[in-house]
Amino acid sequence: MYKLIIGNLKMNLRSSVEQEQYSSLFKKELTGKKINNCELILCPPAIHLPGFQKAKIKKIILGAQNMFWEEKGSYTGEISPSMLKNFGCAYVILGHSERRRYFCERDEEVNLKVISALKNGLKPVLCVGESKSEKENNQTLSIITRQVKSALEKVSRTKAENLVIAYEPIWSVGTDEIPKSNEVMEARVLIFKILTGIFGSKYAQKVKIIYGGSVSTSTVKQVCLEPGMDGVLIGRESLTPHEFVKIASLLN
Ligand code: PGA
């Protein structure tokens, strides 16, 4: 089945020189590789979007790590969906746990962003997942349910095919701790059930459900292949093109 491999470069690549080095390494890694059953998506810091557009890495689709919901105007420091579109983005990560944690993003804001992204022809990669203490208190189900439901409020089912939901347990992001394969599968089933309640099963099936959190060549089987996820969201390992492409080859 067709898989999405999304690299979240976060706040890395501190100069255009680093960006160019990364791009040329990436091109080298892809040379001679047949990756036909995966969509490779890179989400660099927004300032590097023109650099990545110029680099024209074969097979790579661009995405962003965040956006504001308004189209333009007096919103100091923000980037709009149409700007992202005009700089080559097809995807945008929304509601990442680091945005929720460090920038106090609330469910209502994530919802406005999801609606605006879809309206502007961007595919949202909506991140949901529980913290360590929420997991220990058996709140995984209620947290995921709340996050998915509120993010998709007023979203039409006709947009379902453009939606990606990333199950990212917060305790797994950046920690090298990963859930068991059956835990990922349970999250997948739960998310599908919630989506069915919102869109009906025919449309719910069109939503891609992927996994994120400490994905690497050694964990990808357990967190993606075994639980039947539609792809992965990769943080640290996406900073090394060799590892990123290797993960893609394993899912291809
Ligand atoms: P990680 O990050 O792969 O470094 O754990 C994942 C993410 O934040 O999307």
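Strand β1 (residues 3-8) and strand β2 (residues 38-43) pair in the parallel sense over six bridges; two strands count as paired if DSSP finds at least two bridges between them. The model is predicted, and local features need pLDDT of at least 70, side-chain atom pairs count only at pLDDT 80 or more, while totals for chains, interfaces and linings use all residues. Residues are numbered from 1 along each chain as its sequence is written, and side-chain values use heavy atoms, with hydrogens and water left out. Helices (H or I, at least four residues) and strands (E, at least two) are DSSP runs, numbered from the N terminus.

**Strand β1 and its neighbours**

- The bridge partner of L4 in β2 is E39.
- β1 is also joined to β8 by four bridges, and these two strands run parallel; there, I5 has V232 as its bridge partner.
- Six of the six residues of β1 are buried, meaning under 20% relative accessible area, with exposed being over 50% and partly exposed in between (1.4 Å probe, protein chains only).
- In a regular strand the side chains alternate between the two faces of the sheet.
- In β1, K3, I5 and G7 point one way and L4, I6 and N8 the other way, and all are buried.
- β1, α1 and β2 make a right-handed β-α-β unit; right-handed means that, with the strands pointing away from the viewer, the path from the first strand over the helix to the second runs clockwise.

**Strand β7 and its neighbours**

- Strand β7 (residues 208-212) is mostly covered, with four of its five residues buried.
- Strand β6 (residues 164-167) runs parallel to β7 and is joined to it by four bridges; V164 stands opposite K208 of β7.
- Strand β8 (residues 231-234) also runs parallel to β7, with two bridges between them; G212 has L233 in β8 as its bridge partner.
- A right-handed β-α-β unit is made by β7, helix α10 (residues 220-225) and β8.

**Aromatic rings**

- There are six aromatic pairs, where rings of Phe, Tyr and Trp (its six-membered ring) pair if their centres lie within 6.5 Å, and planes under 30 degrees apart count as stacked, over 60 as edge-to-face and the rest as tilted.
- One of them is the edge-to-face pair of Y22 and F52, at 5.9 Å centre to centre and 75° between the planes.
- Y22 lies in helix α1 (residues 16-30) and F52 in helix α2 (residues 49-55), so this pair ties together parts that are 30 residues apart in sequence.
- Y22 and F52 are both buried.
- The ring centres of F68 and W69 are 4.4 Å apart and the planes are at 35°, so this pair is tilted.
- F68 counts as buried because its relative accessibility is 13%, whereas W69, at 23%, counts as partly exposed.
- Y22, F26, F52 and F244 form one aromatic cluster.

**Charges over rings**

- The charged end of R99 sits over the ring of F103, 4.2 Å from its centre; this requires NZ of Lys or CZ of Arg within 6 Å of the ring centre and within 35 degrees of the ring normal.
- K206 has its charged end over the ring of Y203, 5.8 Å from the ring centre.

**Ligand surroundings**

- The ligand is surrounded by 13 residues, the closest being K10, H96, E168, G174 and R236; a residue is near the ligand if one of its heavy atoms lies within 4 Å of it.
- A polar side-chain atom of K10 is 2.7 Å from an oxygen atom of the ligand.
- The side chain of H96 has an N or O atom 2.7 Å from an oxygen atom of the ligand.
- From S214, a backbone N or O atom lies 2.8 Å from an oxygen atom of the ligand.

How values were computed:
Polar contact = N/O pair within 3.5 Å; in protein donor to acceptor, adjacent residues only side chain to side chain.
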